[in-house]
Amino acid sequence: MAADDFGFNHVGLCVRDLDVSRRFYESVLGFSFLRSLDVPDGPTGQLLALSPPLGLSAVYLQRDGFVLELLSYSARGVVVPPRERTMDEVGLTHISLSVARDRLPSVLADVAAHGGCVVDHMVIEGVAVFVRDPDGQLIELLAR
């Protein structure tokens, strides 16, 4: 199999409120808008193993070549996990982004203003800090 047989496409993230999450990722973390889609229920339900109706809307955001797909379901409620995941559970643990060292304090101030929170016990002052987005997804910010 050749290396160019595969290419990175995106990471999908289910969110409660598409507008709130989009503002967070664009305003706080510097993502830019690529496109949005309202996806038909039939084939999408089959692909995602979900029973219609779905009302799936997707917004694609990009930063440094990384594409993040925000997924929102208007015709069904999203399932909120009963607790926050820890870093030693199998599966996606976090998204990591680099931030200019001198911008880190202002980025952290913007996190709460846009519905997220700084995880106070997960901070190495001036080096690395974990924040949660409006839905609780862990995001590591590394000072560069």
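Trainee: Which residues does Arg63 touch, not counting residues up to four places away in sequence?

Mentor: Arg63 touches Leu29, Gly30, Phe31, Leu97 and Ser98. This is a predicted model, so each value is computed from predicted atoms.

Trainee: Why is Arg63 called buried?

Mentor: Arg63 has a relative accessible area of 16%, and buried means under 20%, so Arg63 is buried. Arg63 lies in strand S3.

Trainee: Why does Val59 count as buried?

Mentor: The relative accessibility of Val59 is 5%, and the label applies under 20%, so Val59 counts as buried. Val59 is in strand S3, residues 56-63.

Trainee: Which residues is Val59 in contact with, leaving aside its neighbours within four places in sequence?

Mentor: Val59 is in contact with Leu18, Arg22, Phe33, Arg35, Ser36, Leu68, Glu69 and Leu70. For Glu69, the separation from Val59 is ten residues in sequence and 5.6 Å in space, C-alpha to C-alpha.

Trainee: How do you know that the count of disulfides is zero?

Mentor: A disulfide needs two cysteine sulfur atoms within 2.5 Å. The cysteine sulfur closest to that of Cys14 is in Cys117, 18 Å away, which is too far for a bond. Seen from Cys117, the closest cysteine sulfur is that of Cys14, again at 18 Å and too far. The count therefore comes to zero.

Trainee: Why are Cys14 and Cys117 called partly exposed?

Mentor: Partly exposed lies between the 20% limit for buried and the 50% limit for exposed. Cys14 has a relative accessible area of 41% and Cys117 stands at 36%, so both are called partly exposed.

Trainee: What makes the phi values of Ala49 and Asp64 worth a remark?

Mentor: Most residues other than glycine have a negative phi. Ala49 is not a glycine, yet has a positive phi of about 60°. Asp64, also a residue other than glycine, has a positive phi near 50°. Ala49 is in the loop between H2 and S3, and Asp64 in the loop between S3 and strand S4 (66-73).

Trainee: Why are Ala49 and Asp64 called exposed?

Mentor: Exposed means over 50%. Ala49 has a relative accessible area of 69% and Asp64 is at 73%, so both are exposed.

Trainee: What kind of peptide bond joins Pro52 and Pro53?

Mentor: A cis peptide bond joins Pro52 and Pro53, with omega about 5°. Most peptide bonds are trans. Pro53 lies in the loop between helix H2 (41-48) and S3.

Definitions and conventions
Residues numbered from 1 in each chain as written. Predicted model: local features only at pLDDT ≥ 70, side-chain atom pairs only at ≥ 80, totals over all residues. Heavy atoms only, no water. Helix = DSSP H or I, 4+ residues; strand = E, 2+ residues; numbered from the N terminus. Buried < 20%, exposed > 50% of the residue type's maximum accessible area, 1.4 Å probe, protein only. Contact = heavy atoms within 4.5 Å.
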